[in-house]
Amino acid sequence: MKYTSALLAVVLATVANAFQAHQPVSRTNNNALFATRQMPAYNDGTDYAVTHKDIDNILRQNKAYVEAMGQDFFDDLGSKHKPKYMWIGCADARAPANELMGEKPGSVFVIRNVANMVVATDVSLIGALQFAVNVLGVQHIIVCGHYDCGGVRASMGNKDVGDPLEMWLKNARDVYRVHQQELDSIADPEKRHQRFVELNAIEQCVNLFKTGIIQKKRAETYNQPGQPFPIPHVHACVFNPKDGILRNLNVDFSEYLEDLKGIYELYAPEAEAEKVPVAAVAEKSEHEVYPPEKRTRLETIKKFLGM
Ligand SMILES: [Zn+2]
């Protein structure tokens, strides 16, 4: 009898808990939960009260910034959104786009992620790219890697950093695989890391060229009157946190595109001009496509790149 009562109590408690778990949390309860819960100290021992001081400090600094810039600046800033540049950078706290470029707010459309990756299935970045290219009309896209990059370092090690970060870093590991011969030949680990950072920035630019968004816009603007180069122009850069220098890697992407066009080409300048599918242009001989100048395909790609 005693055992039966205890069993009944357990069953009732379980049913009650299950019922409670399926009840919607009311706004009142939710607020009460946050209002009464004691905030724990941070793992590093930081007191929660100190973080309040940090937020207050940020607001004070913002006030000083607003006063320093002046109302005229904000009248202008609030009147339009027409950035000239798109920046794809690392989330690293030491690589802020505007400051590195010496540009004021309003001229750089920024998206950042771990190790400055351009991944075709990353709807956040690809969506931002679509908006930047098709709506904002950015003229330049800068993919900027940086030395001492934690994401790049992690992707060089044979250690599982845990998903989802490990899933993300697989994209960087793929870059290492493509350039393994060159990277493995660099004996100095730090120099190997730096070269990997550079090659990763270059490969992410190549990933941009693989997208229909970039190809279509560049094909449309290839022969546009008054347009000095097809837009957007893509640049691979690196930044060194130790000296602050932003360096253009000056990559000639034409050879990359020549190798990739058979697989990735979706829009070509000549197809856009003739309003025919890319496949139809591909079937023509080079002489048919470029009779006047007798340009080679590589020369056309160089022009396509604005070189
Ligand atoms: Zn980084």
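Buried residues, those with 20 or more other C-beta atoms within 10 Å of their own C-beta as placed from the backbone, make up 24% of the 307 residues in the chain. The model is predicted: local features require pLDDT of at least 70 and side-chain atom pairs pLDDT 80 or more, while totals for chains, interfaces and linings use all residues. Numbering starts from 1 along each chain as its sequence is written.

**Overall architecture**
- The chain has 16 helices and five strands, taken as DSSP runs numbered from the N terminus (helices: H or I, at least four residues; strands: E, at least two).
- Among contacts (C-beta atoms, placed from the backbone, within 7 Å) with a separation of 6 or more, 67% join residues 24 or more positions apart.

- Beyond four places in sequence, the contacts of Val 143 include Ile 88, Ala 201, Cys 205 and Ala 236.

**Met 117**
- Met 117 lies in the loop between strand E2 (108–113) and helix H6 (123–136).
- Met 117 counts as buried because it has 23 C-beta neighbours inside 10 Å.
- Excluding residues up to four places away in sequence, Met 117 touches Asn 171, Ala 172 and Gln 204.
- The C-alpha atoms of Met 117 and Cys 205 are separated by 9.2 Å, with the two residues 88 apart along the chain.

**Helix H11**
- Seven of the 10 residues in helix H11 (residues 212–221) are buried, including Ile 213, Lys 217 and Arg 218.

Terms used
Buried ≥ 20, exposed ≤ 12 C-beta atoms within 10 Å, placed from the backbone. Contact = placed C-beta atoms within 7 Å.
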